[in-house]
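Please look over the sequence and the model below before reading on.

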Amino acid sequence: MKTITLGQSGVTVPPMFLGTWAWGDKIFWNYGDSYGEEQLEAAFSAAVNAGVTFFDTAEVYGFGLSEELLGKFMKQTSQHVQIATKFGPSPWRWNSKSVLEALTNSLNRLQLERIELYQVHWPFTFFLSQKTLLNTLADEVHKGRIGAIGVSNYSASQMRKAHKILAARGIPLAVNQTRYSLLTRKIETNGILQTARDLDVTILAYSPLAQGLLTGKYTPAYKPTGARTIDPRFSQDGLNKIVPVLSLLRKIGEKYDLTPAQVALNWLIAQGNVIPIAGVKNAEQVNQNVGALGWNMTKDELQEIDQITQPWKN
């Protein structure tokens with residue numbers, strides 16, 4: 001499987017990450033109802049066997065349980081697995097010590113001595129300045145506890161500021177993790193995507209299937225459970241709006257014997273310098289997502305998809 005380098009960090013990764021927001025999350029994903037640790041362990045094994053060995057998590061996912069599960073599963077494989085996790089700036093975290101404590105806690109839950117990619121989960125640092133936060137993380141890169149530094153949900157200007165602070169320490173900003181899918185294309189018009197290209201920062205695309213909308217699974221007669229039930233995108237009007245998009249994805253997918261979701265993920269990869277983070281809860285979903293790799297659409301097909309999803313740029 002071909003690999004991608006995260007910005008100028010030197011960290012090489014597969015062209016897709018697997019997301020673990022649902023691992024242990026009872027609030028949004030109803031962990032423990034239709035799936036649990038057994039299904040997640042099977043998903044982990046399926047991913048590693050397929051060569052997709054980079055997992056994205058965060059300290060807040062399942063209130064730490066996501067990291068704990070990954071730590072447990074990694075101990076049961078001899079293959080090299082890489083982890084990205086996230087620090088959550090909160091009002092009570094106001095100095096370098098609090099940042100170091102959070103990093104140490106994540107390392108302990110993951111049972112690791114080094115996290116390959118450590119990201120700032122959101123740009124609101126309250127009493128903790130960006131300069132203090134990023135310089136503290138830069139120190140940890142030099143100490144070897146962090147491989148590369150990234151940010152998440154940063155605007156174009158916030159990304160430039162973070163890049164400048166880290167550059168002064170001789171460390172590149174590796175990634176900006178942001179929402180990006182065929183139904184969420186605002187980063188193409190608000191400067192984030194272009195700024196990432198200018199700075200050689202890799203985009204990690206979370207919710208690349210728009211929380212399941214691009215799988216074609218949901219219809220006005222079959223809607224999701226949990227928090228998504230109040231999302232207007234899953235209303236009857238919202239689902240009717242995406243019918244033409246799903247129809248085109250199915251048409252292209254039939255040509256390659258692939259699903260709409262696999263086509264949607266492949267489109268993101270084709271944009272260049274973009275790595276989708278595909279959320280998984282079981283081995284079947286892993287195998288479905290991996291089907292997005294190893295093939296290419298034609299330029300005409302990419303353009304067709306681009307044209308039909310133009311409304312989602314705003």
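Buried means under 20% relative accessible area, exposed means over 50%, and partly exposed lies in between, with a 1.4 Å probe and protein chains only. By that rule R185 is buried, with a relative accessible area of 1%. This is a predicted model, in which local features need pLDDT of at least 70 and side-chain atom pairs count only at pLDDT 80 or more, while totals for chains, interfaces and linings use all residues. Residues are numbered from 1 along each chain as its sequence is written, and side-chain values use heavy atoms, with hydrogens and water left out.

**Overall form**

- The chain has 11 helices and 10 strands, where helices (H or I, at least four residues) and strands (E, at least two) are DSSP runs numbered from the N terminus.
- A compact globule of 314 residues would have a radius of gyration near 20 Å, and the 19 Å of the chain agrees with this; the radius is taken over C-alpha atoms, and the globule rule is 2.2 Å times the number of residues to the power 0.38.
- Along the principal axes, the C-alpha atoms fill a box of roughly 50 × 40 × 40 Å, and 55% of the 314 residues count as buried.
- Among contacts (heavy atoms within 4.5 Å) between residues at least 6 apart in sequence, 77% join residues at least 24 apart.
- The accessible surface of the chain comes to about 13,800 Å², of which 51% belongs to carbon and sulfur atoms; accessible areas come from the Shrake-Rupley method with a 1.4 Å probe, and for residues only the protein chains shown count as cover.

**Helix 10**

- In helix 10 (residues 283-290), the residues V286, N289 and V290 are buried.
- Seen down the axis of helix 10, its buried residues fall within an arc of 100 degrees, so they line one face of the helix; the arc is that of the directions from the helix axis to the C-beta atoms.
- These buried residues of helix 10 pack against strand 3 (17-19), helix 1 (37-50), helix 9 (260-270) and strand 10 (274-279).

**Salt bridges**

- The count comes to 13 salt bridges, a salt bridge being a side-chain nitrogen of Lys or Arg within 4 Å of a carboxyl oxygen of Asp or Glu.
- One of them joins the side chains of E37 and K72 (2.5 Å, N to O); because E37 lies in helix 1 and K72 in helix 2 (residues 65-74), the pair ties together parts that are 35 residues apart in sequence.
- Both partners are partly exposed, E37 with a relative accessible area of 30% and K72 at 37% relative accessibility.
- R93 forms a salt bridge with E59, the closest N and O atoms being 2.5 Å apart, and here R93 counts as buried at 14% relative accessibility, as does E59 at 11%.
- The side chains of D306 and R185 also meet in a salt bridge (2.5 Å, N to O); D306 lies in helix 11 (residues 299-308) and R185 in the loop between strand 8 (173-179) and helix 6 (192-199), so the pair ties together parts that are 121 residues apart in sequence.
- D306 is buried, with a relative accessible area of 19%, and salt bridges that share partners join R185, E188, D306 and K313 into one network.

**Surface patch**

- W94, F124, F126 and F127 form a nonpolar patch on the surface, with about 580 Å² of accessible area together.
- Patches are made of residues with over 30% relative accessible area and no salt bridge, with like charges joined within 9 Å and nonpolar side chains (Val, Leu, Ile, Met, Phe, Trp, Tyr) within 5 Å.
- F124 is placed in the loop between strand 6 (115-120) and helix 4 (130-143), and F124 is exposed, with a relative accessible area of 54%.
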